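Open the model in a viewer and keep a selection panel at hand. The stops below go from charged pairs to cores to pockets.

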Amino acid sequence: MNPAPQPPRTLAVLVSGTGSNLQAILDASQSGLLPLKPVAVLSDRAQAPALDRARRHGIPAFSLELEAFPNRSTWESSLNEQLDRCHPDLIAMAGFMRILQAETVNRFAGRLLNIHPSLLPRHPGLHPHRRALEQGDLEHGATVHLVVPEVDAGFRLAQIRVPIRSSDTEDFLIERTKQAEHRLYPAVLAELAHGRLVIAPDAVFWKGRRLESPLEFPFS
Ligand code: GRF
């Protein structure tokens with residue numbers, strides 16, 4: 001049984017920096033591979049190059065700098081208002097470097113996604129590539145997951161794997177993983193937009209079956 005209501009049609013993206021994942025999403029949307037309309041890009045840094053990428057694609061781009069607000073709560077209320085105003089069916093965090101308060105996460109539960117550059121549950125949090133090298137991992141990768149109040153702990157929707165080579169430096173591994181992220185994130189969003197991947201209140205379904213473990217890219 002597929003409990004799907006309507007597949008998502010619109011997307012907001014939260015960014016803080018370079019925005020290469022955002023770029024991959026915008027390119028997929030523009031080429032028609034990803035049938036989701038980006039309706040807003042929000043950054044907590046006014047100087048984030050990701051904002052220029054959005055503007056080049058004609059997508060409304062906003063910055064909300066924490067320092068411009070009297071406290072964390074008013075900043076987060078403003079973020080929520082901006083998001084509510086554009087009614088996104090999905091919100092994708094793509095290199096967004098703030099941890100959202102539980103109230104915000106719960107408000108957008110089931111439509112708030114993040115990409116993390118590791119094979120979660122391995123290496124949540126900071127410097128995942130460095131830790132993978134230090135711990136002698138043979139492979140690394142990236143995970144797209146639902147966001148819950150605990151960092152990088154939400155339900156894992158999909159993963160992509162990359163090899164670790166004996167000659168790898170942290171920078172090499174970061175770059176290889178990023179290339180993989182650029183394939184994974186648009187692909188997961190496309191599964192959602194096509195209604196094959198469905199986030200229900202208490203379970204996730206793929207092609208009508210309950211998903212017990214993350215999809216492995218490429219999906220088949
Ligand atoms: C990516 O590695 C993402 O997984 C992590 O932050 C990085 C953002 O890179 N959360 P970019 O801004 O998308 O280039």
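**Stop 1: charged pairs**

Select Arg55, which is partly exposed at a relative accessible area of 45%. Here buried means under 20% relative accessible area, exposed over 50%, and partly exposed in between (1.4 Å probe, protein chains only). The model is predicted, so local features need pLDDT of at least 70 and side-chain atom pairs count only at pLDDT 80 or more, while totals for chains, interfaces and linings use all residues. Residues are numbered from 1 along each chain as its sequence is written, and side-chain values use heavy atoms, with hydrogens and water left out.

The side chains of Asp52 and Arg55 form a salt bridge (3.7 Å, N to O); the term stands for a side-chain nitrogen of Lys or Arg within 4 Å of a carboxyl oxygen of Asp or Glu. Asp52 and Arg55 are 3 residues apart in helix α2 (residues 49-56), which means that about one helical turn separates them. Helices (H or I, at least four residues) and strands (E, at least two) are DSSP runs, numbered from the N terminus. The structure holds 12 salt bridges.

Next, select Glu67 and Arg98, whose side chains meet in a salt bridge at 3.9 Å, N to O. This pair links distant parts of the chain, 31 residues apart: Glu67 is in the loop between β3 (61-63) and α3 (72-86), and Arg98 is in the loop between β4 (90-93) and α4 (102-107). Glu67 is exposed, with a relative accessible area of 63%, and Arg98 is partly exposed, with 22%.

Then go to Arg130 and Glu170, a salt bridge whose closest N and O atoms are 3.2 Å apart. Arg130 lies in helix α5 and Glu170 in helix α6, so the pair ties together parts 40 residues apart in sequence. Arg130 is partly exposed at 34%, and Glu170 is partly exposed at 23%.

**Stop 2: nonpolar cores**

Select Leu113, Tyr185 and Leu189. Of the 44 residues in the largest nonpolar core, these three touch the most other members. Such a core is a set of buried Ala, Val, Leu, Ile, Met, Phe, Trp, Tyr and Cys residues joined through side-chain atoms within 4.5 Å. Helix α6 gives the most to this core, with 9 residues.

Which residues is Tyr185 in contact with, leaving aside its neighbours within four places in sequence? They are Asn21, Ile25, Ala92, Met93, Ala94, Leu113, Asn114, Ile115 and Val144, where contact means heavy atoms within 4.5 Å. A second, separate core has 19 residues, including Cys86, Ile91, Met93 and Val147.

**Stop 3: the largest pocket**

Select Gly95, Phe96, Met97, Ile115 and Pro117, which lie nearest the centre of the largest pocket among its 37 lining residues. On a 1 Å grid over the protein atoms alone, a pocket is an open set of points where a 1.4 Å probe fits, with protein on both sides within 12 Å along at least five of seven lines; lining residues have an atom within 4 Å of a point. The elements giving two or more residues to this lining are α1 (20-31), β5 (112-116), α5 (128-134) and α6 (170-193). The largest share, 4 residues, comes from α6.
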